[in-house]
Amino acid sequence: MAQQVFILVGTRKGAFILESDGARRDWTLRGPFCETWPTHHVVADPASGTLYAGGGNEWFGPAVWKSTDFGASWTHSSEGLAFEAGQTPVKAVWSLAVGADGRLYAGVEPAGLFVSADGGESWSHVEGLQNHPTRPEWNPGGAGLILHSLVLDPADTNKIWVGISAAGVFATEDGGASWEPRNRGTRADFLPEGQNYPEFGQCVHCLVRAPGGGARLYQQNHCGMYRSDDGGRRWESIEQGLPSSFGFPAAVHPRDPDSLFLIPLNGDIKGRFMPGGNTAVWRTRDGGANWQAGRAGLPQGDAYFNVLRQAMATDTLEPAGVYFGTNAGALYGSIDEGDTWTCLAPYLPTITSVETLVMER
C-alpha cells in the first residue's frame, strides 16, 4: 500500500492541508477550510483519519470542525462547549487531542477542559480541573488564560497532563476527577525574588510527551527548557547550550525519547524573533545534554518572525520529517530529521499550529 502524508495547518484564517506521498518531495496545498474561522489547532485521529479543527474567538465563539474525508467537506459543532451558568463564557478552543479510547478532548480559553465521546458532536465539561482549589489564583499569560497543551497517555486513558498559561502544568490519574500541580523545578523569573519556584503560576509554553513506555515529558517554559523523567513530578533544566532560554514550540521524535526539536527565540523582552535574525531549529539526541543547530535551507539574516507554541511537529516516517510554521505565514519542512530544510508554502496566514498524519492508502 502507498503511504500518504498530510500536514495539518491551523491559521488565523482557517485550516489548510498539504499532501504528499511517502517521498515527501512534492506537496499539494488545499484550503482554506472551516470557513476561514480563526483556527488554533488541527489534529487527526490516526485510527480513522478523521480530522478535527478547533478555534473561534470572542466574536465567533468556540467550535470544533470535523472532516471524515480528508478535508473535502467539514461540519462543526459547539454543543456543550460552555461552562456552567454564571461563569465566564468560553471564548475559543485552543487545543485538541484524541485518546486511545477514541474520546476527543478540547482545551479552551479561559482555561478549561472538555471531552467528547461522539466525535465532537457534543461536549461535556471536565469539571475537576476548573474546581481545583488553586483556580481562583490562576492568572493569564500574554495570550490569555488558555489551556494550550493536552498530553494523553496512550497506555492509560486516565492519565492526562495539561499546560496552562500562566498557571503551569497540572496532571490527573483518575480521568479528570482530581488534579495536581506538577511544576517542581520550573522557574517563574517574573515573580519576586525568593518566590521563583511556586507550586503553580509558572508560564508553561509547550508540553510534549516522549515516545515509548516511560514517563518522560519535555517542557518549553517562559523561563527555561526542561525535562521530566517521572511524569512531571520533578523537572530538570536542559537549556544549557541553547542560544536562549525562551521559546514556544517543542516537538518530540516519533521513536527516540532522547531526541527533541526546539526553536528558541531571542528572549521575552527583546522582540521574540530569531536570535540575530538567523533561523535555526535546535536538536538534541541525548535528552538535552547537548544541542546542535540546523540551519541549511532556512533564512539567514533579517529573519524577524517567530514560531508559535503549537506550530511544530514531526511525522512517523523513517527518517522522521520535521515541520514548522511561522507567524509570517511560511511553512518549512525537513525530511532528514532537521539536517536540511525546504520552504513548503511561503504565503499562508499566520500559522498557529502544525500537526501530521501518515496513512496507508
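What volume does the largest cavity have? I looked it up, and the largest cavity has a volume of about 50 Å³. The model is a predicted one, in which local features need pLDDT of at least 70 and side-chain atom pairs count only at pLDDT 80 or more, while totals for chains, interfaces and linings use all residues. Residues are numbered from 1 along each chain as its sequence is written, and side-chain values use heavy atoms, with hydrogens and water left out.

Entry on terms. On a 1 Å grid over the protein atoms alone, a cavity is a set of points where a 1.4 Å probe fits but cannot get out; a pocket is an open set with protein on both sides within 12 Å along at least five of seven lines; lining residues have an atom within 4 Å of a point.

Entry on cavities. I searched the whole structure and found 2 cavities of 30 Å³ or more. Among the residues lining the largest cavity I noted Asp101, Arg103, Asp153 and Lys159. That lining divides into 4 nonpolar, 2 polar and 4 charged residues; Ala, Val, Leu, Ile, Met, Phe, Trp, Tyr, Cys and Pro count as nonpolar, Asp, Glu, Lys and Arg as charged, and the others, Gly among them, as polar. The second largest cavity holds about 30 Å³ of space, and its lining includes Val64, Trp65, His76 and Gly119. Strand E6 (61-67) and strand E7 (75-77) each give two or more residues to this lining; strands are DSSP runs of at least two residues, numbered from the N terminus.

I read a volume of about 1300 Å³ for the largest pocket. It is lined by 41 residues, and Val98, Leu150, Arg209, Val252 and Glu355 are the closest to its centre. I counted 25 nonpolar, 10 polar and 6 charged residues in that lining. The strands that each supply at least two of its residues include E4 (39-44) and E28 (351-360). The second largest pocket has about 330 Å³, with Trp94, Ala143, Phe248, Leu308 and Arg309 nearest its centre.

Entry on the sheet. I found 4 strands in an open sheet, in the order E4-E5-E6-E7, with antiparallel pairing; two strands pair if DSSP finds at least two bridges between them. E4 and E7 are the edge strands. E5 (residues 51-57) and E6 pair over 7 bridges. Glycine 54 stands opposite valine 64 in E6, and Val64 is also one of the residues lining the second largest cavity.

Definitions and conventions: Grid points are joined across faces, edges and corners, and a volume is the space filled by probe spheres set on the points.
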